[in-house]
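Work through these exercises with the model open. Each task is followed by its solution.

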Amino acid sequence: LSGGEGDDILVANTGAEARNLKYFAGNGHWYELIRVESGWSSAVADAENRTVAGQPGYLVTITSAAEQEFINRSFGDLPYTWGGATDMAQEGTWKWVAGPEAGTVFYVTGAPIQAGFSAWDSTYAEPNNVAGGENHLQLGWGGASNTWNDIGPYYDANGFTTQFALI
């Protein structure tokens, strides 16, 4: 697989429909938006079961403003999708759960300096755990594709983005 930034590529998926993948030159990864209502745990498992060129996918980990902008531009304003982070192990300590970043802390609530990129919605002081048990990353909060929210397992999102780090 090769391409320039934002290039679409359709990959035949032995017996299934073709897939629309997007390439981000900033990290050399490919992305695929999956439009299906699902819970966070189901999205994590579904992303891991998807493959491209024999490589497994994972629920998207957005580690820079450039990557966030690329995803927004590539997939439009699909609100309420899942991202690959949680603070289930320790409330307020957000870690990526998949891909090369798995286990990496990128945000700690209240810390004056953060370890990584985040795009929490500041209007509602996200992540705020307002309903209790809001331990999963939701992208496209409030219909704005570039803002994040913490939300609980009771919610079915409109989809998720699978990321592929092809070597």
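A residue is buried under 20% relative accessible area, exposed over 50% and partly exposed in between (1.4 Å probe, protein chains only). The model is predicted: local features need pLDDT of at least 70, side-chain atom pairs count only at pLDDT 80 or more, and totals for chains, interfaces and linings use all residues. Residues are numbered from 1 along each chain as its sequence is written, and side-chain values use heavy atoms, with hydrogens and water left out.

**Exercise 1. The chain as a whole**

Task: State how many helices and strands the chain has, and in what order they come.

Solution. Helices (H or I, at least four residues) and strands (E, at least two) are DSSP runs, numbered from the N terminus. The count is two helices and 12 strands. Their order is β-β-β-α-β-β-β-α-β-β-β-β-β-β. Then check burial: 44% of the 167 residues count as buried. Finish with contacts, meaning heavy atoms within 4.5 Å. Among contacts between residues at least 6 apart in sequence, 58% join residues at least 24 apart.

**Exercise 2. Helix H2 and its end**

Task: List the buried residues of helix H2, then inspect the residue that follows the helix.

Solution. H2 covers residues 65–75. Its buried residues are Glu67, Gln68, Phe70, Ile71, Asn72, Ser74 and Phe75. Glycine 76 follows H2, with a positive phi near 75°.

**Exercise 3. Aromatic pairs**

Task: Classify the ring pairs of tryptophan 82 with tyrosine 155 and of tryptophan 96 with phenylalanine 106.

Solution. Rings of Phe, Tyr and Trp (its six-membered ring) pair if their centres lie within 6.5 Å; planes under 30 degrees apart count as stacked, over 60 as edge-to-face and the rest as tilted. This rule gives 12 aromatic pairs. The rings of tryptophan 82 and tyrosine 155 have centres 6.0 Å apart and planes at 80°, so the pair is edge-to-face. Tryptophan 82 sits in strand S7 (residues 81–86), and tyrosine 155 in the loop between strand S11 (148–151) and strand S12 (159–164), 73 residues apart. Tryptophan 82 is buried at 0% relative accessible area, whereas tyrosine 155 is partly exposed at 22%.

Tryptophan 96 and phenylalanine 106 are stacked, 4.2 Å centre to centre with 20° between the planes. Tryptophan 96 is in strand S8 and phenylalanine 106 in strand S9 (residues 105–108). Both are buried. They belong to a cluster linked by ring pairs, which also includes Trp94, Tyr107, Phe117, Trp120 and Trp148.

**Exercise 4. Threonine 93**

Task: Decide whether threonine 93 is buried or exposed, then find its contacts.

Solution. Threonine 93 is found in strand S8 (residues 93–96). Its relative accessible area is 13%, so threonine 93 is buried. Leaving aside neighbours within four places in sequence, threonine 93 contacts Thr86, Asp87, Val105, Tyr107 and Val108.
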